[in-house]
Amino acid sequence: MNRKLMFSNINNAWCTPQDFFDKLNTEFNFTLDPCATEKSAKCKKFFTALEDGLKQDWGGYRAFVNPPYGRQIGKWVKKCYEESQKPNTFVVILMPARTDTRYFHDYILGKAKIRFIKGRLTFWDLDGDKYKRGDFKNMTPAPFPSMIVIFDPQSLKDILSAR
């Protein structure tokens, strides 16, 4: 993958590696992918850019979110936080570990569990063709560290009350 392209807003279709998603899904049992394409969807229920997951109701779902990493990422983080406040709604985000951003301090720090990912993830192209062909030498790890953000209001309340 082209590092210059990954830092740009030209293409936001960096797909979650399937094996990475599968491990998370085993733990969290996701039911919604609000940032998908027809080819990249990780759940039976998903929203494409045309449907715009930012405008949809996620209430009652267990959402896995790999948001577009462009300039709208702050809007996605805010949406994830707000949706997670609805009853029976659980949200997990895979995102760059950018702890210096306003959205990190406004919507993540102290409001979610954070898991920093050791090393750099290698995101797939839209179809995962290079991975499926075993063309690993032409797959480049992300130029940024990643983290998992878990919005689970009940377990966070339990953690805070135990202090």
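Residues are numbered from 1 along each chain as its sequence is written, and side-chain values use heavy atoms, with hydrogens and water left out. Because the model is predicted, local features need pLDDT of at least 70 and side-chain atom pairs count only at pLDDT 80 or more, whereas totals for chains, interfaces and linings use all residues.

**Exercise 1. Determine which residues of helix H2 (residues 18-28) are buried, and where they pack.**

Helices (H or I, at least four residues) and strands (E, at least two) are DSSP runs, numbered from the N terminus. Buried means under 20% relative accessible area, exposed over 50%, and partly exposed in between, with a 1.4 Å probe and protein chains only.

Step 1: the buried residues of H2 are Phe20, Phe21, Leu24 and Phe28. Step 2: viewed down the axis of H2, these residues fall within an arc of 95°, so they line one face of the helix; the arc is that of the directions from the helix axis to the C-beta atoms. Step 3: Lys23 and Thr26, on the other side of H2, are exposed. Step 4: the buried residues of H2 pack against strands S3 (62-65), S4 (90-96), S5 (113-116) and S6 (146-151), where contact means heavy atoms within 4.5 Å.

**Exercise 2. Check the span of helix H3 (73-84) and locate its buried residues.**

Step 1: the expected span is 1.5 Å times one less than the number of residues, so the 12 residues of H3 should span 16 Å, which agrees with the 16 Å between its end C-alpha atoms. Step 2: Ile73, Trp76, Val77, Lys79, Cys80, Glu83 and Ser84 are buried. Step 3: these buried residues fall within an arc of 160° seen down the axis of H3, so they line one face of the helix.

**Exercise 3. Identify the residues that touch the most other members of the largest nonpolar core.**

Step 1: such a core is a set of buried Ala, Val, Leu, Ile, Met, Phe, Trp, Tyr and Cys residues joined through side-chain atoms within 4.5 Å. Step 2: among the 37 residues of the largest one, Trp58, Val65, Ile93, Met95 and Ile108 touch the most other members. Step 3: S4 gives the largest share, six residues. Step 4: beyond its neighbours within four places in sequence, Ile93 has contacts that include Val65, Val77, Cys80 and Ile148.

**Exercise 4. Describe the setting of Thr101.**

Step 1: Thr101 is found in the loop between S4 and helix H4 (102-107). Step 2: Thr101 is buried, with a relative accessible area of 17%. Step 3: the side chain of Thr101 reaches the backbone oxygen of Arg98 at 3.0 Å.

Note on methods:
A polar contact is a pair of N or O atoms within 3.5 Å; within protein, one must be able to donate a hydrogen and the other to accept it, and residues adjacent in sequence count only if both atoms are side-chain atoms.
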